[in-house]
Amino acid sequence: QREDPAELGRLAQCADGGCWRTQHAGILSRPCSVSLESLRRHLTVVLCELRPTMEEIQTVVAGARAAFNLGKTRPLEFRLQQLRAMEKMLTERKDLILEALQKDLHKNAFAVDIYEMVGILNDITLAINKLPKWMEPEHVSKSMMTIMDTVYIHRQPLGVVLIIGAWNYPLALVLQPLVGAIAAGNAAVVKPSELSGNMAQLLAQLLPQYLDKELYPVINGGVKESTELLSIRFDHILYTGSAAVGRIVMEA
């Protein structure tokens, strides 16, 4: 059963002499003393766990594949437009990004700029500048079998990729792989880390506002949702994290 965000928001109104009281959804079954910061972080996790069902996940992935099959990602101009839109998002919504990373990981503005933003923006700039050249056919040497032909390599997108983010760099380790996926003409399903809940929720809000909603959907959730995603066929998986989980991803 899903939590009602409005009801969750009312939890913050339940202070009584330093104790937080609620019977909602069994989050706290009796009065207990917790700090405001602890409750806020707990609410963030609960909100991040407004999780889709398996049927909804399958529908989202199928929608991304259908949009890819229509050829939406193939034109150079479309890829450049999506990359510029991501760059615009990072610029226009930087204050929200800073707030989310401060809440999740206590990162200050300097750390966010150096370890999260700069790498993404550099990758976007590189892709925008080089993409026309990258998409050109690469002419190769002829053999006796092809001496009368025009021989070249024409690179094609793989299809639909899955991006599984990490908790410690929850912006960079989602958007940098996404830059590559967009530049290569793929659709991408984004799964942020649930352990950085504020950032996960922010990505779910912002990406559909700036990028194509069908081609680059965000799915939030925890281990169950990640496992369900891995049960679906993807053409490539981009994952950053532990070796133990990496083995599971490799076997998917």
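Among contacts in the protein chain (heavy atoms within 4.5 Å) between residues at least 6 apart in sequence, 73% link residues at least 24 apart. What you're looking at is a predicted model: local features need pLDDT of at least 70, side-chain atom pairs count only at pLDDT 80 or more, and totals for chains, interfaces and linings use all residues. Residues are numbered from 1 along each chain as its sequence is written, and side-chain values use heavy atoms, leaving out hydrogens and water.

Of the 252 residues in the protein chain, 41% are buried, meaning under 20% relative accessible area with a 1.4 Å probe, protein chains only. The accessible surface is about 13700 Å², with 57% of that belonging to carbon and sulfur atoms; the Shrake-Rupley method with a 1.4 Å probe gives these areas.

The chain has 10 helices and seven strands. These are DSSP runs numbered from the N terminus, with at least four residues (H or I) for a helix and at least two (E) for a strand.

Now for the open sheet: three strands, parallel, in the order 6-5-7. Strands count as paired if DSSP finds at least two bridges between them. Strand 6 and strand 7 are the edges, each pairing on one side only.

| Element | Residues |
|---|---|
| Strand 5 | 160-164 |
| Strand 6 | 187-191 |
| Strand 7 | 236-239 |

From one strand to the next, the twist averages 20°. Strand 5 and strand 7 are joined by four bridges, and Leu 162 sits opposite Ile 237 in strand 7.

Helix 3 (residues 54-69) lies across strand 5 and strand 6, at about 155° to strand 6. Angles run from 0 to 180 degrees between N-to-C directions, using axes fitted to C-alpha atoms, for helices over the stretch in contact.

Conventions. Buried < 20%, exposed > 50% of the residue type's maximum accessible area, 1.4 Å probe, protein only.
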